[in-house]
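The sequence and the structure are shown first.

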Amino acid sequence: MSISTKTGDKGTTSLWSGERVSKDDLRVEAYGTVDELDSHLGESKHYVKIERVKEIIERVQNDLMKVMGELASLSKEYSLPLKLEDINWLTDCVHSFEVDVQLKGFVIPGNTIQSAKLDICRTITRRAERRIIELSHESEVNTLVIQYMNRLSDLCFIMARAEEKLVGMIKCKLDKDC
């Protein structure tokens with residue numbers, strides 16, 4: 001079977017749950033932005049220097065498949081839903097990096113190529129979160145999806161700072177002792 005089915009030639013696409021919707025549907029915009037984030041995280045893995053960050057990114061990419069699956073499912077329950085444990089894991093990762101990084105001021109993003117890539121992921125995560133919240137105003141969205149995306153942006157931010165700390169490149173806007 002070819003990936004070129006021509007079924008989208010008139011501006012519609014199929015959701016995971018089978019319904020056809022316009023390609024500019026909020027649901028498609030939401031999971032499409034998560035897909036964009038997933039691709040940028042994949043690129044980030046090739047730049048980051050901390051092995052633990054690479055491992056975290058790989059797990060996050062697997063979790064994002066769950067997020068996209070839930071967002072692309074309208075009429076039936078997605079078979080691999082996010083769980084509270086997924087969000088708790090993100091929170092634990094954030095807290096672990098916070099202990100190591102010890103931020104003390106506002107950060108100027110992108111002081112290294114690896115932190116810049118993670119900062120781009122953070123901003124895409126925030127955009128995806130906005131699209132998901134917008135979708136939630138017109139359709140039911142699993143609240144764990146919103147929580148996951150919110151926590152993920154925090155994780156991208158703190159992993160970027162950890163990458164900068166590794167090479168002594170954290171720069172703060174208001175506090176020289178960051």
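What percentage of the 178 residues of the chain count as buried? The share is 43%, where buried means under 20% relative accessible area, exposed over 50%, and partly exposed in between (1.4 Å probe, protein chains only). The model is predicted: local features need pLDDT of at least 70, side-chain atom pairs count only at pLDDT 80 or more, and totals for chains, interfaces and linings use all residues. Residues are numbered from 1 along each chain as its sequence is written, and side-chain values use heavy atoms, with hydrogens and water left out.

**Overall fold**

The chain contains five helices and two strands, the helices being DSSP runs of H or I with at least four residues and the strands runs of E with at least two, numbered from the N terminus. Their order along the sequence is β-β-α-α-α-α-α. Contact means heavy atoms within 4.5 Å; among contacts between residues at least 6 apart in sequence, 75% join residues at least 24 apart. The accessible surface of the chain (Shrake-Rupley method, 1.4 Å probe) is about 9800 Å², and carbon and sulfur atoms account for 51% of this surface.

Axes are lines fitted to C-alpha atoms over the stretch in contact, and angles run from 0 to 180 degrees between N-to-C directions.

| Feature of the helix 1 and helix 2 pair | Value |
|---|---|
| Packing angle | about 170° |
| Distance between axes | 10 Å |

The two helices are therefore roughly antiparallel, a term for angles over 145 degrees. Residues of helix 1 in the contact include Tyr31, Val34 and Leu41, and those of helix 2 include Val60, Leu64 and Leu71. By class, the contact has twelve nonpolar, three polar and four charged residues. Here Ala, Val, Leu, Ile, Met, Phe, Trp, Tyr, Cys and Pro count as nonpolar, Asp, Glu, Lys and Arg as charged, and the others as polar.

**Nonpolar core**

A nonpolar core is a set of buried Ala, Val, Leu, Ile, Met, Phe, Trp, Tyr and Cys residues joined through side-chain atoms within 4.5 Å. The largest one has 45 residues, and Val60, Leu64, Leu71, Tyr148 and Leu155 have the most contacts inside it. Helix 5 (143-166) is among the elements that give two or more residues to this core, and the largest share, eleven residues, comes from helix 5. Not counting residues up to four places away in sequence, Val60 touches Leu41, Trp89, Leu90, Tyr148, Leu152 and Leu155.

Definitions and conventions. Parallel < 35°, antiparallel > 145°, perpendicular 65-115°, else oblique.
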